[in-house]
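Biologist: Could you take me through how the helices pack and where the pockets lie?

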Amino acid sequence: MTAPIQLWYWPTPNGWKVSIALEEMGLAYEVQPVNIGTGEQFEPGFQAISPNGRMPAIVDPEGPGGQPISIFESGAILQYLGDKSGRFYPTEARARVEVNQWLFWQVGGLGPMAGQTHHFRQYAPAMIRDQRQIAYGVQRYTNETHRLYGVMDRRLKDRDYLAGDYSIADMAAWPWILPTLQGQILADFPHLAAWMDRVGSRPAVKTGRALLEDRRGNAGAAGKDAEAARRVLFGQRATKT
């Protein structure tokens, strides 16, 4: 029997990318929760797998040559799983480039910019008393997220998926389109909205998105637990070796 892949995971957009991919590809996996609100990402055992101290990460007991391999960074994980399964990541050179450029567009653009939008719209208001100090951050990242929605909307005008066929590029981008949290109106982007429905209706996407959803907290809320989570998430500095 094939040994299951260990998925080190918490229910966030970056985590959903990999849980969705594992479901879509039909790969056996077991979940290792990493509660980022309580600091489990800083434990030495996890940082041996993910040196950046961020989830998701995976450990495949049956990696290349039949030997275990650990992988961090969601884009690298998606590429590895696509190669391993032979699904949703083409081998033909031009098709592969098409997928890669949209995957890296998400990893380098949509994810970080939307993440900053989340920070300034959801978390910073609970941390900074003078709201004037965060106004520029709200405007800057909300506008940039709006621009990126527009990039996707134009791209999807004449195709069903970002790289032609459904691929790991769609799995990477879909979890990051959260209009309500990002100050966007999805109806303003009809092609993007149709793609959201198209991808979101897939059974594997529904299952992957729902993984551990009951354990997802709200670091932007009031109360001691949320305040403690914000200190963990947003107070990090480099550690000396």
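This is a predicted model: local features need pLDDT of at least 70, side-chain atom pairs count only at pLDDT 80 or more; totals for chains, interfaces and linings use all residues.

Modeller: Residues are numbered from 1 along each chain as its sequence is written, and side-chain values use heavy atoms, with hydrogens and water left out.

Biologist: Are H1 and H9 roughly parallel, roughly antiparallel, roughly perpendicular or oblique to each other?

Modeller: Helices are DSSP runs of H or I with at least four residues, numbered from the N terminus. H1 (residues 13–25) and H9 (residues 203–210) have axes 8 Å apart, at an angle of about 140 degrees; axes are lines fitted to C-alpha atoms over the stretch in contact, and angles run from 0 to 180 degrees between N-to-C directions. Under 35 degrees counts as roughly parallel, over 145 as roughly antiparallel, 65 to 115 as roughly perpendicular and the rest as oblique. H1 and H9 are therefore oblique.

Biologist: Which residues of H9 make the contact with H1?

Modeller: Contact means heavy atoms within 4.5 Å. On the H1 side the residues are Trp-16, Ser-19, Ile-20, Glu-23 and Glu-24. On the H9 side they are Ala-204, Val-205, Thr-207, Gly-208 and Arg-209.

Biologist: How many residues in the contact of H5 with H8 are nonpolar?

Modeller: H5 (residues 135–155) and H8 (residues 190–200) pack at about 80 degrees, with axes 7 Å apart, which makes H5 roughly perpendicular to H8. Tyr-149, Met-152 and Asp-153 of H5 meet Pro-190, His-191, Leu-192 and Trp-195 of H8. Ala, Val, Leu, Ile, Met, Phe, Trp, Tyr, Cys and Pro count as nonpolar, Asp, Glu, Lys and Arg as charged, and the others, Gly among them, as polar. The contact has 1 polar and 1 charged residue, and the nonpolar ones number 5.

Biologist: Which helix supplies the largest share of the lining of the largest pocket?

Modeller: A pocket is an open set of points on a 1 Å grid over the protein atoms alone, where a 1.4 Å probe fits, with protein on both sides within 12 Å along at least five of seven lines; lining residues have an atom within 4 Å of a point. The largest pocket is lined by 44 residues, and H1, H4 (93–127) and H10 (224–234) each supply at least two. The largest share, 10 residues, comes from H4.

Biologist: What is the volume of the second largest pocket?

Modeller: Its lining includes Phe-42, Arg-54 and Arg-237. A volume is the space filled by probe spheres set on the points, which are joined across faces, edges and corners. For the second largest pocket the volume is about 190 Å³.
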